[in-house]
Protein chains: 2
Amino acid sequence: MSLDDRIDTATDRRRTAQRAALLDAASEMLMRGGPDAISLRKLASNVGTSTMAVYTAFGGKEGLIAALFEEAFDRLSTAQNSVPRDKEPLVWLANLGRAYRRFALENPSYYALMISVTMPVNETVRHEHPDYSTPPARAISRHSSYQNLLEAIQACVEEGSMPADIHPAMIADAFWATVHGLCSLELAGFYRSADDAGEGFALTCSAVLKGLLTPKGLVKLEALASAGLMA
Amino acid sequence: MSLDDRIDTATDRRRTAQRAALLDAASEMLMRGGPDAISLRKLASNVGTSTMAVYTAFGGKEGLIAALFEEAFDRLSTAQNSVPRDKEPLVWLANLGRAYRRFALENPSYYALMISVTMPVNETVRHEHPDYSTPPARAISRHSSYQNLLEAIQACVEEGSMPADIHPAMIADAFWATVHGLCSLELAGFYRSADDAGEGFALTCSAVLKGLLTPKGLVKLEALASAGLMA
DNA sequence: ACGATGTTATAACTTTGTTATAAAGAACTG
DNA sequence: CAGTTCTTTATAACAAAGTTATAACATCGT
């Protein structure tokens, strides 16, 4: 009998069910008032158990938030993976950017949670989650959502739309930083309206994209745009 | 006797001194461990008074943080105003971006505090500070640091380097969002090294800048760059 | 079926923000 | 200068939250 073939026993099922129930309730509280609105006592009360459940399931509040953090990244990955891999890398890239924004707008609390880690403010997740402990938030590079972006960039480089003498990761970072900054400001309520925000998003993305292209890529972008494929 | 000519009485002096002492100690605690590390009890203990002082001086913890928030924006304004108004708007603009980054790197906690408001997470300052209450964080547009940026953009438009058929504020937003995203990621420890971060910053800023320029502006940028003025 | 293991409920402890209250101090008024 | 009034402060009490200790409970493996 090996060490790994545990049977799906009753307690095991209850354990995962408990975990799921807690996570669901916690995510709802997260939606309502952000991470600070998650009170272990209220959470346990909502789920119908005691606060100890959080400690056995997640090791404490930090572990709970780390789990929510993971959930957030899973959702982002799903959002990014649902973008069809267009045969035109530039179209693919633009769609990835739009999907990122859509994710942020549809999951504002999760998005805020994700980037709250990125701030030196929140020491919660940094110390808890295995992948994000030693290098603060740099491990995101290894995350699936970033890999999508990187592949799109590499495809752009391969077709000659982007310079080959710049490290693709550097280009990906540039694009990501821009999209992230735009989403941050929009969620902050900086723009007057959603239309304004959308306009700003489109303008800025296309600007940074243009700025990253080779002359050949510019021609291609022009062609794609007049064909209405960049909308 | 008018209502406004209060004399610099003894209590008044003590009041401002108390305020300053509390703010100093609070900012140090902010530096050490972020806003959550500010405990009114420890703060009062450090200053040598009781927690009530915070309530009389700032109305409570929210008011204290709002004051720190104001301090943060003051520092940013100072940083931006210290950038000489170069006669070449493109140079001025690039220098404003670099000054923004320098401010973020030198005041990471204040920067984190500033953008924590921008998140829907933190309800602290939103409800407290007069200018930032009704429109969540949009009032930043009226802030001095943003005005500097806007004027630089307008100068670019006037010399024909940037398109006149796009609202200057939209262009300013684009540039700001990019710079902000870059600083966020850098402070998050996303880049491997400060050099990497600097390289990414330069690449991305120049990309978004290029993407926002008119053909005439591109020529000008080229000329300035080969003259070594954009470094 | 029973001992070992893990889980939960209850309660206590600690910390934190906030409020009530009474004492102390300063400013104004005559 | 003396008395009154207003503000500020220190102390203590309160409520809420995270965490921990402990004992009862349930569950799994043998």
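In chain A, 61% of the contacts with a separation of 6 or more are accounted for by residues 24 or more positions apart, two residues being in contact if their C-beta atoms, placed from the backbone, lie within 7 Å. The model is a predicted one, in which local features need pLDDT of at least 70, side-chain atom pairs count only at pLDDT 80 or more, and totals for chains, interfaces and linings use all residues. Residues are numbered from 1 along each chain as its sequence is written, while chains are lettered from A and ligands numbered from 1 in the order in which they are written.

The secondary structure of chain A consists of 11 helices and 0 strands; helices (H or I, at least four residues) and strands (E, at least two) are DSSP runs, numbered from the N terminus. Along the sequence, the pattern of chain A is accordingly written α-α-α-α-α-α-α-α-α-α-α. Chain A has 231 residues, of which 44% count as buried. A residue is classed as buried if 20 or more other C-beta atoms lie within 10 Å of its own, as exposed if 12 or fewer do, and as partly exposed in between, with C-beta atoms placed from the backbone.

Individual positions illustrate these classes. A:S50 lies in the loop between α2 (40-47) and α3 (52-58) of chain A and is exposed, with 12 other C-beta atoms within 10 Å. Its C-alpha atom is separated by 8.6 Å from that of A:L40, 10 residues apart along the chain. In chain B, B:E222 is located in helix α11 (residues 215-226) and counts as exposed, with 12 C-beta neighbours inside 10 Å. The C-alpha atoms of B:E222 and B:P89 are separated by 14 Å, the two residues being 133 residues apart along the chain.

The axes of helix α5 (residues 89-106) and helix α8 (residues 144-158) of chain B come within 8 Å and cross at roughly 155°; axes are lines fitted to C-alpha atoms, for helices over the stretch in contact, and angles run from 0 to 180 degrees between N-to-C directions. This makes α5(B) roughly antiparallel to α8(B), where angles under 35 degrees count as roughly parallel, over 145 as roughly antiparallel, 65 to 115 as roughly perpendicular and the rest as oblique. The crossing of α5(B) and α8(B) is left-handed; a crossing is so called if the near helix is turned anticlockwise from the far one by less than a right angle, and right-handed if clockwise.

Leaving aside neighbours within four places in sequence, B:A94 is in contact with B:C205 and B:M230. The C-alpha atoms of B:A94 and B:L209, 115 residues apart along the chain, are separated by 8.7 Å.

Chain B can be laid on chain A with an RMSD of 0.1 Å by a turn of 180° and a shift of 0.0 Å along the axis, the copies being superposed by least squares on the C-alpha atoms of residues with pLDDT of at least 70 in both. That is the relation of a two-fold axis. The same surface serves both copies, as 100% of the contact residues of chain B recur in chain A.

Between the chains, 41 residues of chain B are in contact with 41 residues of chain A. On the side of chain B that touches chain A, the elements giving two or more residues are α6 (108-118), α9 (168-187) and α10 (194-212). The residues of that side divide into 24 nonpolar, 12 polar and 5 charged. The axes of α10(A) and α10(B) come within 6 Å and cross at roughly 105°, which makes the two helices roughly perpendicular. Their contact has 8 nonpolar, 6 polar and 2 charged residues.

Methods. Nonpolar A, V, L, I, M, F, W, Y, C, P; charged D, E, K, R; others polar.
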